[in-house]
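This briefing walks through selected features of the model shown below, grouped by topic for reading beside the coordinates.

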Amino acid sequence: MDKSLLRKELRKKIAEISDKSEQSQKILARLKECDLPSGAVCVYKALSSEVDTDGIIEYFLKTREVYLPVVQGEDMMLVRIDMNTRFEKGAFNIDEPTGERLKPEDVNPSVTVTPLLGADGERNRLGKGKGYYDRYFDKVNTYRIGVAFSEQLIDEVPCDKWDKKLDMLILPDRIIK
Ligand code: ADP
Ligand code: MG
C-alpha cells in the first residue's frame, strides 16, 4: 500500500482512539523502565492526535538536558527547555519553545523521542509525510525512540531509501527493539 493512503487510514484510526491518555501513561511507565544512553534528549511536544509527551518531558527534565524541536523552513532546530520555558504556536500548530535555536548537529542529543503516524514490527516509521525527522536523523547520531498507540502498529510500513528505522518502539503493552 502506498504511504499516502496508509496515512489517511491511520489518521482515521487514531481519531477513533478513546483511551489516548491511558495508553500514554502506560508508554511513560515503560519508558521509565528502559536503560537508555545517557546524555541530552530531544522530545517532541505532542498534538492531541499523538502520544502525550508531557510526562516524558517532565521525567527527563529531572536528570537530563532536554531539547525540543522548532520547525525552521525544511529543517528542525533545537531549543533547550527548563521548567520556566515559554511556548508559542509554531508551524503545524505545534507548541514550540522560545529561546536560542541550536543546530541539531551542535547539540547531538543521545536520545530522540520521535512522533509517528504508524510503525511496524521491524521498527520502520511512517511520519506525516514531510520528512523532517528523516532529515534530522541524517545530522545527528541519536538513539531513536518511537512512541505509539497500539492502533498505530501496522503490518508493514512501505520504506523509501531515505527512511530511518527506529531503534526502539514503545507501545502501551510492549517494547520492540
Ligand atoms: P515521513 O518520514 O514524514 O513519513 P517521507 O519519508 O515520505 O515522510 O519523506 C517526505 C519527503 O522528505 C520525501 O519526499 C523526501 O524527498 C524528503 N526527505 C526525506 N529524507 C530526506 C533526506 N535525508 N534528505 C533530503 N530529503 C529528504
Ligand atoms: Mg520517512
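Tyr59 is placed in helix H3, and with a relative accessible area of 26% this tyrosine is partly exposed. The C-alpha atom of Tyr59 is separated by 20 Å from that of Asn108, a residue 49 positions apart from Tyr59 along the chain. The model is a predicted one, and the values below are computed from it.

- Asp134 belongs to helix H5 (residues 132–139), while Asp163 sits in the loop between strand S10 (153–154) and strand S11 (168–170), so the pair ties together parts of the chain that are 29 residues apart in sequence.
- Asp134 counts as buried because its relative accessibility, 8%, is under the 20% cut-off.
- Asp163, at 18% relative accessibility, counts as buried as well, since buried means under 20%.

**Largest pocket**

- The largest pocket holds about 590 Å³ of space, and its lining is made up of 32 residues, with Pro115, Arg125, Lys128, Tyr132 and Tyr133 lying nearest its centre.
- Helix H1 (3–15), strand S2 (66–72), strand S5 (95–97), strand S8 (125–126) and helix H5 are the elements that each give two or more residues to this lining.
- Strand S2 supplies the largest share of the lining of the largest pocket, namely 4 residues.
- Sorted by class, the lining of the largest pocket contains 16 nonpolar, 3 polar and 13 charged residues.

**Second largest pocket**

- About 170 Å³ of space lies in the second largest pocket, whose lining residues are Lys45, Asp54, Ile57, Glu58, Leu61, Ile81, Asp82, Met83, Thr85 and Phe87.
- Helix H3 (residues 54–61), where Tyr59 is also placed, contributes the largest share of the lining of the second largest pocket, with 4 residues.
- The lining of the second largest pocket divides by class into 5 nonpolar, 1 polar and 4 charged residues.

- Helix H1 has 13 residues and reaches 18 Å from its first C-alpha to its last, which is close to the 18 Å expected at 1.5 Å a residue.
- Within H1, the residues Lys3, Leu6, Arg7, Leu10 and Ile14 are buried, and they cover an arc of only 100 degrees around the axis, which puts them on the same side of H1.
- On the other side of H1, the residues Lys8, Lys12 and Ala15 are exposed.
- Helix H2 (residues 20–32) likewise has 13 residues and spans 18 Å between its first and last C-alpha atoms, close to the 18 Å expected at 1.5 Å a residue.
- The buried residues of H2 are Lys20, Gln23, Ser24, Ile27, Leu28 and Leu31, and, seen down the axis of H2, they fall within an arc of 140 degrees, so they line one face of the helix.
- As background to these patterns, an α-helix has 3.6 residues a turn, so residues three or four places apart point the same way.

**Loop residues and backbone angles**

- Asn108, in the loop between helix H4 (104–107) and strand S6 (111–114), has a phi near 45 degrees, a positive value in a residue other than glycine.
- With a relative accessibility of 33%, Asn108 counts as partly exposed.
- Arg123 is found in the loop between strand S7 (118–120) and strand S8, and its phi, near 70 degrees, is likewise a positive value in a residue other than glycine.
- Lys130 lies in the loop between strand S8 and helix H5, where this lysine is partly exposed with a relative accessible area of 46%.

- Pro104 has its place in helix H4 and, at 2% relative accessibility, counts as buried.
- Between the C-alpha atoms of Pro104 and Met76 the separation is 7.5 Å, although the two residues are 28 positions apart along the chain.

Technical notes
Residues numbered from 1 in each chain as written. Chains lettered and ligands numbered in written order. Predicted model: local features only at pLDDT ≥ 70, side-chain atom pairs only at ≥ 80, totals over all residues. Heavy atoms only, no water. Buried < 20%, exposed > 50% of the residue type's maximum accessible area, 1.4 Å probe, protein only. 1 Å grid on protein atoms, 1.4 Å probe; cavity = no way out; pocket = protein on both sides within 12 Å on 5 of 7 lines; lining within 4 Å. Points joined across faces, edges and corners; volume = space filled by probe spheres on them. Nonpolar A, V, L, I, M, F, W, Y, C, P; charged D, E, K, R; others polar. Expected span 1.5 Å × (residues − 1). Arc of directions from axis to C-beta.
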